[in-house]
Amino acid sequence: MAREKRREELYVTVPSLFRCPISMDVMKSPVSLCTGVTYDRSSIEKWLALGHKTCPATMQTLPSTNTTPNLTLRRLIHLWLSHADGAQASPPSCISKQQAAEIINGEFNFDSLAKVIGFITASEHNLKFVALSDNSISRFVEFFAKSNEIRICEQIVEILDLISFEIGVRERLNKLILKSGDGRDCLSSFSLVLQKGKTESKVKSAKILKLIAVNPESQRKIAEKSGLLYDLYNLSTVETDTSAVEAGLSALLTISTTRPVKKELIRFGIVRTVGKILSGYDHSPPVRAVIEKALAILETVATCTEGRGAISEDGECVVEIVKRLMKCSGVATEDAITVLWSVCCLARDRAAQEKVAMVNGLTKVLLVMQSDCTANTKHMCGELVKVLRAKSTKSNLAPYETRTTHITPY
């Protein structure tokens, strides 16, 4: 009885900001529409899947149905849930600000870092205290670079992830992590976590790397760090957890801005990997983000000759791209059209054209062309239609040409 009463009290005290306006439950993956209203991803995707073109809360017509992850709100909910879970059990011992400051300025070990994590997750105020302390971030990064103990590295990754979205932290992390020459020591620690850490730690490492890749210089340093690019690629290949696959693809997408990096990903087998992702995942809302990132990666590598060649050679991948048209989000569909245009129109690869035509690609491209897509996408659809219609016409004439070839004149 007491437990039921306690749960009821906790339910009543849930901040209204944390509830989804549709389900009224605490949001697991908050995303915002262009109207500025935030919903739980699963709820708003079900709403949009029913064909609605309005914001449920405001009933405004949506010029775009794209959603943007509300990372700040997600972190606040995470902190609140951690505090609420702790309230249901016996209250954990939490260190004071003075004790936290002493730990930050002293020697780090597993127990002391665990206390800092407990302190940060206890309240938003504590999180800001650590994030805005003068030397806290530099101390964490310095120790992270020197440590070769996986448990310690995972703890520091968790701390950096918790404070990463506070104002100014991103820029400080970028400067500190990448400051020493080519950022060798600190980036080596990220490689260690990506290779030997728990899945949750790997995801957080990929997110931090994506976060600090704020400009071409930082993207280059991360991409050129020996083994790190492959570690991120491996995260999207070996792990079965969708959050890990998405985190790996997101990081790769952010740092794959130059042709050498794209060629390296192609050498790793990124086209084959994406083909397996497209064929192995269903069309349910929870995996939408993974599919979006997978198609965006293909769109990126298709900008170079080697990428177009690799996609054209992988017939199954081409087929899966066609199957995903109009099955995910508008962004994913437009990326898919760009890839198909790159191999069928720009590269004029006959094998790719035949594969697209074989799985009723012409009809699907026409459907996209009639949808609410961008002008550039409509233009690419138009060119694809011309190519595929020509391919279809030749295919239909083939039997007639075969029959008439062997007619002997009188």
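This is a predicted model: local features need pLDDT of at least 70, side-chain atom pairs count only at pLDDT 80 or more; totals for chains, interfaces and linings use all residues.
Which residues in H13 meet which residues in H16? From H13 come Tyr233, Ser236 and Thr237, and on the H16 side they meet Ile270, Thr273 and Ile277.

**Two helix pairs**

Let's stay with that pair for a moment. H13 covers residues 228–238 and H16 covers residues 270–280, and the two pack at an angle of about 25°. Because angles under 35 degrees count as roughly parallel, H13 is roughly parallel to H16. Their axes are 10 Å apart, and H13 passes H16 in a left-handed crossing.

Helix H19 takes in residues 315–323, helix H20 takes in residues 330–346, and they pack at an angle of about 140° with their axes 9 Å apart. That angle makes H19 oblique to H20. The crossing of H19 and H20 is left-handed. On the H19 side, the contact is made by Val318, Ile321 and Val322, while H20 brings in Ala336, Val339 and Leu340. What kinds of residues make up the contact of H19 with H20? They divide into six nonpolar, no polar and no charged.

Here are the two pairs set out together:

| Helix pair | Angle | Axes apart |
|---|---|---|
| H13 and H16 | about 25° | 10 Å |
| H19 and H20 | about 140° | 9 Å |

**Cysteines**

Now for the cysteines. A disulfide is a covalent bond between the sulfur atoms of two cysteines. How many disulfides does a search of the whole structure find? It finds zero. Take cysteine 186, which is in no disulfide: the nearest cysteine sulfur belongs to cysteine 153 and is 9.0 Å away. For a disulfide, the two sulfur atoms would have to be within 2.5 Å. Cysteine 186 has 3% relative accessibility, so it counts as buried. Cysteine 20 is buried too, with a relative accessible area of 0%.

**Threonine 300**

One last stop is threonine 300, which is found in helix H17, residues 288–301. Is threonine 300 buried or exposed? Its relative accessibility is 12%, so threonine 300 counts as buried; the cut-off for buried is under 20%. And what does threonine 300 touch, leaving aside its neighbours within four places in sequence? It is in contact with Leu253, Ser256 and Lys262.

Technical notes. Residues are numbered from 1 along each chain as its sequence is written. Side-chain values use heavy atoms; hydrogens and water are left out. Axes are lines fitted to C-alpha atoms, for helices over the stretch in contact, and angles run from 0 to 180 degrees between N-to-C directions. Helices (H or I, at least four residues) and strands (E, at least two) are DSSP runs, numbered from the N terminus. Angles under 35 degrees count as roughly parallel, over 145 as roughly antiparallel, 65 to 115 as roughly perpendicular and the rest as oblique. A crossing is left-handed if the near helix is turned anticlockwise from the far one by less than a right angle, and right-handed if clockwise. Contact means heavy atoms within 4.5 Å. Ala, Val, Leu, Ile, Met, Phe, Trp, Tyr, Cys and Pro count as nonpolar, Asp, Glu, Lys and Arg as charged, and the others, Gly among them, as polar. Buried means under 20% relative accessible area, exposed over 50%, partly exposed in between (1.4 Å probe, protein chains only).
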